[in-house]
Amino acid sequence: MRDCHDNSHRASGCFPGDCPGTEGRYMPPPFFLCAHSRYLYLFNVPVGDNGTDYYFEYTECDSTGSRWRAAIPHRQGSCTGLPEPVRGTDCTFSCEAGEFLEMSSQQCTSCAAGSYSLGSGVRFDQWDSIPAGFSSLATYMDSGSSMEDSMTCNNSSWIPQGTHLESNRDDCTVSLVYAVHLMKQGSVSFDYQYLDSNIFFEFFIQNDQCQEMDQAGSEKRIKPTTNGEWGTHMVNLNSGTNILYWRTTGMLLGGKPVKPVLLKNIQIEGVAYTSECFPCRPGTYSKSPGSSSCDLCPRNMYSGKGASSCTPCSETQYSRMKKHTYSLVVKHTSISPHVFVQYYISLCVCHVEEGWSECKEKPPCSEKDYFQIHTACDSDGKTQILYRWVEPQVCVENVTGAVTLPPSGEKQDCPPCNPGFYMHNTSTCLPCPQGTYSDGTTDCQRCPGGTEPSLGYEYKWWNILPRNMKTSCFNVGNSKCDEMNGWEVAGDHIRSGVGGSDNDYLILNLRVPGFKLPTSVDDASATEFGRITFIFETICSADCELYFMIDVNRKSTNVVESWVGSKVRQAYTHIMTKNASVSYTWAFQRTNKAMDARQYVNDIAKIYSITVTNAMDGSASGCHACAMMRQQEGSSCVPCPAGHFINKDTNQCQECPSNTFLSGHHIYGREACQPCGPGSKSNKEHSLCFNDCSFSNVVGNRTLTYDLSALSSVGSIMNGPSFTSKGTKYYHEFNISLCGTEGRKVAVCTDNVTDLSNKDLQNESADLNNFVETFVCQSTIIPADGRGFRTALSSQSISLADTFLGASVGDMLDGVYASPELFSQAARKVPYINFFFRSPQPTASCLNGRSTVVTLRCNTEKSDRGELTVPSKCPAGTCNGCEFHFLWESSSACPLCTEADYHSIEGACKGGMQDTHYVWSEPKLCIKGVTLPNKTSNHCDVVSLWVKAGIGGGAFTAVLLVCLTCYFWKKNKRLEYKYSRLVMSANKDCELPAADSCALAEGEGEENEDDVVYSNTPSLLGKLKAIASKQADGDSSESVQLKSSQAERWIWG
């Protein structure tokens, strides 16, 4: 038995049998108890009891589709005196719009005046606080986040702003959750603003088992909106429990706060009934009972919550309606279908959003309550500066401190007409007729023969706003600037207006219906259909920002570039690569912080000139040459085939030489055909140059040839991870299309922040997806496991290489430098190949655009595809954000093998045969090409002729040396013998010979047959000894002949 004194009876009620004395009574089925109390808000809604102590609720529907109505006491512990449960209405029962179900009688009753009902639906359009039943849940879903980060996200929430909800601005994940139980199929719709691609915004539905409901791709996708515009998203709901999630996650990759998502007007259809009517929100009213909606209070009237009528403001007060879409109202005189003489009067309200809940005192008039205009030129060719109050005027002039309208300025000479226009009756600028041109200071002239007008817009004088431009002011948080000009013309420039608040968006828009290429340019091969160039300047003391945005074919507006802070006068150019209608928008915001007081009213943006080429409905400021069918006067212009230029001598089409390409639309003269860079060749249409995955280079007297076909498919590298200030993990992914494909840009980076279904991406039209198609592109990837997403997020896709400059072994080409020192050094035994690319589109940080160099390094240990790396010192691929460097190590970067890459080795002669082997020179730094020859065998002699000759010569020399040795040895022995006898005879009787004689004593040696003789003629051995003796001691000596005779003897006495 349930304790009736606890709090459970508040949720589920007390029934017979629950309290003492009620046992044995019939008890209907229990209530459907929801995990979230907000479930009860729609189908178990408490109803006032008209002074009683209880209220009624319905039980959950049973299997037969029936339910019970039960009474619930207001005070705890009181179960006596309650009405008996009765059968309720059928579960499919619902009331009509303008009615509610009165639970006492269980009958539909009309809503009272001042309230409304949707019948089977509910609407939430008041956001002074988060309504009952909604909850805002903040999480930091990075699995690696610290407790400190998780605690920081506790302060993140959807913030009510009166008329709308605003999401968080940080990189926490915040979900707005609402649960509803539908008795029949229904739907949910809501209005939103989604401006920033750096925030991920998704809407999805779960059932009561926390399982995600199937949704079509169009229901999952939340399309971005443009500044000032609200989008509407609707999703069908199934019967039963639906848990609705609006979830946002900021991606603060650059440290800059994201722009929040705004949400309002949530409406849910399919509820079985509503048990109460909703009061009209302040600023609206319903004057009759049974209303299904509330009307807005007119201007200068107000109302409170639940009003049945509006109250007028006093004479010193005012109120006005907040606008959403608006345009200029001008007084104009039609001169032709294309031209108006015009000047500004006021602003027109085209769409009203909300009334006012109170009247405000009219403040004293100030400078921000009026604006200046330049009048159109009068019949005397004069213009004048006039001042007008912003309409409707909500300020008071005749009070202390109020300003009055400045007096009108003196009349001045009108500035000249813009190029392409001529002065008509000294007062009006008209466009030149077709086939003529003017520089704006002269009458229109017809283009000479062989030429045609260069159509476009060239606005450099700003006396009036051109007919295809409009200006507006918008602030999502207030309506102060709704009736002000966003931009003001100022003679030689157009400048941002005053606005109503410092955080207003001051908007300037230029519409181009399409582009028309010159007659002689082939549309099929065109890579540029037109370009816009504007010269601007910003002067700021705070964090002002100027946005340049593009909307192609009225699909969605994307920010192309933005500039923060003061910027010196500079030019920016954007190229259109496809023919489509386009809307160019400039939006200037002084600060993104909401402030009550004006602090930066003097911060301004100036645009000096805007030039658009090839505009379909433009006028001509000059003429350009065109090809003619025949070389004669009056011949009409004809289109040239792709890859042809106009010959200056004949004015006829002539094909460009091989390996040249046509530069832009300037096809007049041979010089229009620009030579391709090194290592590249032109395609058949001569529209671009590309590398066909081959390369050759001369080193010394050798030509190295490379086959890069293995690198033709797109290569990818994902570096990182990197982390934001709160620890969000992200990567940079690069896709590189190096060569081949006839020059087509096949590297694609897709931004899937607004669509997480790859399958849906493939099925949808390409125009609905945000992607970049180029040679080298970069995307920022947030992994699925990093923030709890269902799939990885890819955002901020940019092009790094739109143009291929060439391939070279040098480190510089056309002003782009390779930096091989950024990578790990390796011996350059084979030259590196550098592929040079450029993206000429300037950015706020890269005024000259971006450049990319892909360096190919030979590494035979790698595969054909190899490996891509980025510099270790610059893990993002760039060190300055403008110059990107990649290293692609691959065996394909090695040259093809030739005969110079191997050598032969001859084996020994065995059995009259000799083998010759071929081996690669080490280290082997080549691939493919020629193959090693097979082993060869040749006949050979065991001992060759030369060997025999050598052996014979050696033997003869040896015999000769032996003979000479024996001869000289014998001769030497004889000399030694004679000398020894001489010494012995000299020492006989122990007497020494005289100092000056070496003769023998008388009678001595007679028995010897030979005399010892020293001859003046030396022998061969003596000559050799003499030469050796001279070389040894350097002394000279003479030989003395000593003769032995019987007649002349020395007698030793």
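E57 stands opposite A70, a residue of strand β2. The two strands here are β1 and β2 (residues 68-73), which pair in the antiparallel sense over five bridges. A strand is a DSSP run of E with at least two residues, numbered from the N terminus, and two strands pair if DSSP finds at least two bridges between them. Keep in mind that this is a predicted model, where local features need pLDDT of at least 70, side-chain atom pairs count only at pLDDT 80 or more, and totals for chains, interfaces and linings use all residues. Numbering runs from 1 along each chain as its sequence is written, and side-chain values use heavy atoms, with hydrogens and water left out.

Strands β54 (residues 694-699) and β55 (residues 702-707) pair in the antiparallel sense over six bridges. V699 stands opposite R702 in β55. The hairpin has two residues between its strands, and G700 takes a positive phi near 65°.

Now for the nonpolar cores, meaning sets of buried Ala, Val, Leu, Ile, Met, Phe, Trp, Tyr and Cys residues joined through side-chain atoms within 4.5 Å. Buried is under 20% relative accessible area, exposed is over 50%, and partly exposed is in between (1.4 Å probe, protein chains only). The largest core has 53 residues, and W487, L510, Y584, W586 and I610 touch the most other members. Apart from it lies another core of 34 residues, including F124, W127, F190 and M213.

Rings of Phe, Tyr and Trp (its six-membered ring) pair if their centres lie within 6.5 Å; planes under 30 degrees apart are stacked, over 60 edge-to-face, and the rest tilted. Here are two pairs:

| Pair | Centre to centre | Plane angle | Type |
|---|---|---|---|
| Y457 and Y459 | 5.7 Å | 10° | stacked |
| Y967 and F968 | 5.2 Å | 75° | edge-to-face |

Y457 is buried at 4% relative accessible area, and Y459 is buried at 5%. Elsewhere, ring pairs link a cluster whose members include F124, W127, Y178, F190 and W246.

Finally, charges over rings, where NZ of Lys or CZ of Arg is within 6 Å of the ring centre and within 35 degrees of the ring normal. K360 lies over the face of W356, 4.9 Å from the ring centre. R569 lies over the face of Y608, at 3.8 Å.

Note on methods:
Helix = DSSP H or I, 4+ residues; strand = E, 2+ residues; numbered from the N terminus.
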